[in-house]
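The following report is meant for a reader who is meeting this structure for the first time. Please look over the sequence and the model before reading on.

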Amino acid sequence: GGMCRRPFREPLVMDPNPYRSPIAPAAASPPSRPASLIVFGILNILFGVLGLCGTAASSAMFFMTQPRDPAMPNPMLDLLAANPPFRLFMQVTIVLGGVASLVLLAAGIGLLLTKAWGRMLSVGYAWYAIVSAILGTIVQWIYVVQPMLAAMKGAEGPAAMGAMGGVVGGLLGGLFALAYPIVLLVFMNRAVVRAALAPRDGV
């Protein structure tokens, strides 16, 4: 009868299994490596190698003695020989440029390895390159562009065109020197890049 029926059913579904270990919450996975780290890692290495090649080529102006042909004047070599302050500036720039190229090369390797120091070196190089490009443009304007502009007043034909090409080339070179470090600085300060490198700050 009614006395033999079990009035309640045990909620077996609700009881935990004592022989089953509880499932641990999944650990937060580190942020995935953004594509910008790979892109700028490769670009840093490329520009670092090119910078070292450029440093070696520029150093040849000071450390290699070549016979000069009077029929083929070289305005840059003439300027270096006639203007000691500009010559000293160029020597310091070449040495610092070589060091900066090595830093940029190391920064590229660090970014490819997803290391926080790769970002730090990239930011440091970017600030140096920006200041160096601005200072270099000012010096070029004083010692190179202004004399060329003065020479254009009395020049005609191919001479005037050559002077104009030198002025335009100098200004475009200064703008190009600013382009990459500015873009690099912007991307290295993006939140996704900071987040990807944050777990490795101590490495």
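Tyr143 counts as partly exposed because its relative accessibility is 26%, where buried means under 20% relative accessible area, exposed over 50% and partly exposed in between, with a 1.4 Å probe and protein chains only. Phe86, by contrast, is buried, with a relative accessible area of 0%. Phe86 and Tyr143 form a tilted aromatic pair, 5.6 Å from centre to centre and with 45° between the planes; rings of Phe, Tyr and Trp (its six-membered ring) pair if their centres lie within 6.5 Å, and planes under 30 degrees apart count as stacked, over 60 as edge-to-face and the rest as tilted. Because Phe86 lies in helix 3 and Tyr143 in helix 4 (residues 116-153), the pair ties together parts that are 57 residues apart in sequence; helices are DSSP runs (H or I) of at least four residues, numbered from the N terminus.

## Basis of the model

This is a predicted model, in which local features need pLDDT of at least 70 and side-chain atom pairs count only at pLDDT 80 or more, while totals for chains, interfaces and linings use all residues. Residues are numbered from 1 along each chain as its sequence is written, and side-chain values use heavy atoms, with hydrogens and water left out.

## Around helix 3

At the start of helix 3, a side-chain oxygen of Asn83 reaches to within 3.2 Å of the backbone nitrogen of Phe86. Residues buried in this helix include Met90, Ile94 and Leu104, and just after helix 3, Thr114 takes a positive phi of about 55°.

Terms used. Helix = DSSP H or I, 4+ residues; strand = E, 2+ residues; numbered from the N terminus. Polar contact = N/O pair within 3.5 Å; in protein donor to acceptor, adjacent residues only side chain to side chain.
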